[in-house]
Amino acid sequence: MTAVPLAPVRRWILRRQSAHRERGATAGNIYFTVLFIAIVGGMLHKQLAVVFWPTHPNASSLAAASLTPVLFGLLYLALRRFGPLALSRPAASWLLPAPVSRRRLLLPSLRLTAIVAAIIGALAGTAIVGHAAPRSLDGSAIALLASGAGLAGIALLLVALAAQAGGRWGDRLDAVVSLLLAAGLAGLVTDATTDHPVAAGGWPTAGTLVPLVGAVTLVVGLLFALAVRGLARTPNERILESAKTAGALFDSAFGMEPSFLTDMIERRYWAHRKLRSVRLPARLPILVGQDLLLVARRRRRLLWLALAAALPVLLEDAPHWLIAVAVLIGAMLAASTAGGNVKTDAGNPMLLRLLGLSSRDSVLQRMWVPGVLAAAWSALALGLLSALDELPPGPWWALGLALGPVGAVAAVRRARVGFVRNELLPLDTPMGTVSTGPLVNALIGPDALLLGLPALVNIVQNQELTWLSVLVQAAVGALGARAYLAGTTATDRVELHAQR
Amino acid sequence: MDVSLKVKAGSGVCVTGENGIGKSTLLRCVSSLQQPDDGEILVFGGTPGATPEFWRAVVTTVEPPTWYPGLTVREHAELVCRAHGQDPDEAGIDEALERFGLAGHGDAIPPSLSSGQKQRLTLAVAMLRPSSLLILDEPEQRLDPDGRAEVAALLAAYVADGGSLLMASHDDTFAEASGAELTTMESLSAVTP
């Protein structure tokens, strides 16, 4: 079959589309974007400097070596999650099955992704150099290091591209990259808890970097050309999957409805899992057993949570209220590992009707596993902070356990939130119009973390922790959970939301 | 449309009629999932409602089904049985899955099933748990001929055991085989005073 030239088709589509747009809309969009970047950049330039180029280098060589796998590992995993090769949904439906050159169809997507990967890689490289390299390093060496990091970004894209087209090794590589990421985070935590000298010398000069970066450019360029040649071999189903991801991403962004994306990721996760039916634990209340089964099937996420309990240590130099907020949010995230079932019931009560349980019973049962997860996570996080002497003496682990009900209420409230209410009145501010629907939606759930106020006050005060304080937090958490149950559920109603 | 209908306890009624005439709306109103504009509906002598007691007696398939994440077909069936205090071994889960042609799919997650299999699973779970009234909206839909005969026989047994059945269907043979008395939407509105 002869291929139809793609360029005229694309031009025709573009012309049709622009016929529906207002004149100058594209120019207006570009103007707005540039203005937005300039204003936000101007407002945040001090914070950006702290992130990318602090006045003095402040990272040890361990921190710099740990940051590298963290930043580049995140870039790789993000590339894998989103494709990296994707088409818009209309193109996937109409152009993918058409007799057009597959390579030309996919090339613009590859080009755009390569530019984004290179920019992110270069920014990551600049940040690492900015934190670790002595200020005596000359400008050309810095520029070469940043370009090398950009090339590394493109190289990661090429690996992700091969993994997209390839077989099971891609999943294994993902696991290896996740391990590297975890090792990097562990390195950062170790660095935060011990006193390492700020990295000093050992940075290559521009003279040694030129041939190195040149060789890398050549290799990456060659691989890129090979990738373009092999582009047509990317299997259709992979491109369709990425097109769905891209579509969900745009739906989420334009509809301001993050649940489109999170639900899709959740569905895809389970679709790829092979499960074996087990008996639900007979001694536990039925829904507690079901939650437990769900959590047991997400072991990898549990492992990440356990590792993440060390992350508040990274905030050792930050004000204490930030550590407290991090612990509270972490407790909510840990609890929400078991949130999928409540979310299903909140979206459609059909299964609750089939189960015939009252909303009071079902929400009460659904709070146990999140509560235990939140308690264990905060006990681990606060216990670790206390063991590393970041907190004054006292039974901090017990305060963590007392945060269990707080995390449970926040996670269950979050899971029950439902769609963003875009009919809420927008707010006019000097910076432009802010729609309140997504803001209100984002706050439902985290607002329940206010029940953790006693713990927050204890952490901020930075004084020895007494058992009385632990008791106060436990009482506030338990009363809060009870009030939440009494206020939002009923014994004579099955549905989680009262019928209007 | 004004409608008058009485289903005696321990009997079955099947409402037929063309698309859009209001069969599903009638079933939704009886299930308390929709408010009628006017009139009175009594189920077992009381107003249908959202109470756990109502939903322990009534099972309906008039809504599109939803499934729990990360729970297999068999575990969904077990969950529902256990919630009603049934022993999973005595409830006959495996027999039910076998009868509905789902025996080979016990370890699958429901979203991965075909639409016909999902319909069978909904019916299997609905019939596994104890109930006094089944409200089914076109239960024969998406079932192959053998499946239809199987489901009809099960419904007939349900009614013979003292259960009540209210359903809407386009398949008269299926409805008769399930032991339900056939009636049309037109005849229901004609008897209205």
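Residues are numbered from 1 along each chain as its sequence is written, while chains are lettered from A and ligands numbered from 1 in the order in which they are written. Because the model is predicted, local features need pLDDT of at least 70 and side-chain atom pairs count only at pLDDT 80 or more, whereas totals for chains, interfaces and linings use all residues.

Me: How many helices and strands does chain B have, and what makes a run count as one?
Reply: Chain B has 8 helices and 5 strands. A helix is a DSSP run of H or I with at least four residues, a strand is a run of E with at least two, and both are numbered from the N terminus. Along the sequence they follow the pattern β-α-α-β-α-α-α-β-α-β-α-β-α.

Me: Why is chain B called as compact as a globular protein of that length?
Reply: The radius of gyration is taken over C-alpha atoms, and the globule rule is 2.2 Å times the number of residues to the power 0.38. For 193 residues the rule gives 16 Å, and chain B has 17 Å, which is close to it, so the description applies. The C-alpha atoms of chain B fill a box of roughly 55 × 35 × 30 Å along the principal axes.

Me: Why is Glu138(B) called partly exposed?
Reply: A residue is buried if 20 or more other C-beta atoms, placed from the backbone, lie within 10 Å of its own, exposed if 12 or fewer, and partly exposed in between. Glu138(B) has 19 such neighbours, and therefore counts as partly exposed. Glu138(B) is placed in the loop between strand E3 (133–137) and helix H6 (145–160) of chain B. Its phi is positive, about 45°, although Glu138(B) is not a glycine.

Me: Why is Phe44(B) put in the class that it has?
Reply: Phe44(B) has 13 other C-beta atoms within 10 Å, so it is partly exposed. Phe44(B) belongs to the loop between helix H1 (23–30) and helix H2 (52–57) of chain B, and its phi is near 50°, a positive value in a residue other than glycine.

Me: What makes E3(B) a mostly covered strand?
Reply: Of its 5 residues, 5 are buried. Leu133(B), Ile135(B) and Asp137(B) point one way from the strand, Leu134(B) and Leu136(B) the other way, and all are buried.

Me: How do you know that E3(B) pairs with strand E2 (residues 58–60) of chain B?
Reply: Two strands pair if DSSP finds at least two bridges between them. E2(B) and E3(B) are joined by 3 bridges and run parallel; Val59(B) has Leu134(B) as its bridge partner. E3(B) is also joined to strand E4 (residues 164–168) of chain B, by 5 bridges and again in parallel, with Met167(B) as the partner of Leu136(B).

Me: What makes the unit of E3(B), H6(B) and E4(B) right-handed?
Reply: A crossover is right-handed if, with the strands pointing away from the viewer, the path from the first strand over the helix to the second runs clockwise. E3(B), H6(B) and E4(B) make a right-handed β-α-β unit.

Me: How many residues does each chain give to the contact between chains A and B?
Reply: Residues are in contact if their C-beta atoms, placed from the backbone, lie within 7 Å. The contact takes 29 residues from chain B and 31 residues from chain A. On the side of chain B, H3(B) gives the most, with 7 residues.

Note on methods: Contact = placed C-beta atoms within 7 Å.
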